[in-house]
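Hi there,

Have a look at it first, and my notes follow just below.

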Amino acid sequence: MATIGFIGLGNMGLHMAANLVKAGHTVRAFDIVAANLDAAKAKGVEAASSANDAAKDCEAVVTMLPVGKHVIEVYSGGVLEAANKGTVFIDSSTIDVASSHEAHEMAAAAGMLSVDAPVSGGVGGAEAGTLTFMVGGTDAAFEQSKPIIEGMAGKIVNCGAAGAGQAAKICNNMIMAVSMIGAAEGFVLAEKLGLSHQALFDVVSTSSGSCWSVNNYCPVPGPVPTSPANNNFEPGFMTALMAKDLMLSQEAALQTGASTPMGAEATHLMRLYMSQADVAEKDFSSIINFIRGHQ
Ligand code: NAD
């Protein structure tokens with residue numbers, strides 16, 4: 001069993017760190033928000049006094065931070081100097097591919113191994129330890145990170161070279177946003193047609209319209225009791241984070257010349273929704289309220 005530094009104990013990181021403890025590892029963690037660190041302590045995580053303190057004498061350091069600038073700030077703030085040479089740095093945050101490459105380069109220059117390893121599966125998957133990890137990096141870094149990631153994962157996909165995990169994540173979330181908006185439109189149309197939510201769910205979830213956004217994360221209360229729609233759209237996956245991922249997909253589309261008209265429309269709708277209501281911290285599936293025309 002390993003000693004693991006863990007930096008970023010938010011909605012996802014708290015549960016991921018707790019699962020590493022359950023898997024038998026020693027986890028030394030840090031978050032700038034004291035309450036988040038207290039919540040992690042209650043789950044058996046040792047509190048570090050700083051990110052650099054968390055990175056000392058570990059086999060692996062996991063970061064689960066909001067966006068690329070936070071990862072670069074932490075990587076350039078002394079963690080790479082604090083860690084032993086050969087430590088594997090596992091960045092599970094969803095960040096832009098350019099920042100991910102920068103983080104890999106910084107880690108390599110400091111004599112560390114590194115993988116980008118963003119996740120899918122939401123807070124529920126983080127808590128259950130069933131997240132899908134999309135991993136990019138060298139074979140050596142993948143092999144060293146795998147036994148650590150296994151403590152938090154349902155599935156681990158080796159996506160290829162550095163940055164490939166982030167690329168997979170951006171594509172996945174663009175698909176998810178488009179399908180969620182499609183699902184929301186379907187349920188709103190059903191309401192207008194006098195069809196019950198449950199009837200539409202029973203049909204679609206076993207028909208050709210079935211998808212994760214309907215079957216697992218239905219945007220109306222009732223059919224899927226665990227979906228955020230049943231809990232006043234508490235996240236879950238915040239609208240602000242989805243808008244961020246959609247922006248990343250559009251930056252990537254621009255850089256590569258890929259045509260993503262539905263992704264572009266989803267980005268526009270998600271940002272418009274956020275600009276018109278105080279919903280940044282609500283679950284992204286609450287966009288059904290915007291589609292329906294009221295909050
Ligand atoms: P969050 O905002 O709840 O957690 C981020 C944590 O990082 C916070 O606790 C914050 O205090 C901490 N933090 C920020 N800067 C720090 C620093 N310099 N040092 C230490 N701690 C710092 O976000 P989250 O929902 O846990 O998501 C984390 C990442 O995972 C994001 O990139 C997000 O896009 C991605 N993600 C989230 C979900 C989801 O369902 N929430 C699913 C998949 C991927």
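One detail to start with: lysine 41 is partly exposed, with a relative accessible area of 45%. Please keep in mind that this is a predicted model. Aspartate 38 is partly exposed too, at 44%, and its side chain meets that of lysine 41 in a salt bridge, with 3.8 Å from N to O. Both belong to helix H2 (residues 34-41), and because they are 3 residues apart there, about one helical turn separates them.

Lysine 146 pairs with glutamate 150, their closest N and O atoms being 3.7 Å apart. Lysine 146 is partly exposed at 30% relative accessibility, as is glutamate 150 at 45%. Arginine 292 and glutamate 191 form a salt bridge at 2.8 Å, N to O. Arginine 292 sits in helix H13 (residues 287-292) and glutamate 191 in helix H8 (residues 164-192), so this pair ties together parts that are 101 residues apart in sequence.

Now for the whole chain. The protein chain has 13 helices and 9 strands. Among contacts with a separation of 6 or more, 65% join residues 24 or more positions apart. The chain exposes about 12,700 Å², with carbon and sulfur atoms supplying 56% of that area.

Enjoy exploring!

Best wishes

Definitions and conventions
Residues are numbered from 1 along each chain as its sequence is written. This is a predicted model: local features need pLDDT of at least 70, side-chain atom pairs count only at pLDDT 80 or more; totals for chains, interfaces and linings use all residues. Side-chain values use heavy atoms; hydrogens and water are left out. Helices (H or I, at least four residues) and strands (E, at least two) are DSSP runs, numbered from the N terminus. Contact means heavy atoms within 4.5 Å. Accessible areas come from the Shrake-Rupley method with a 1.4 Å probe; for residues, only the protein chains shown count as cover. A salt bridge is a side-chain nitrogen of Lys or Arg within 4 Å of a carboxyl oxygen of Asp or Glu. Buried means under 20% relative accessible area, exposed over 50%, partly exposed in between (1.4 Å probe, protein chains only).
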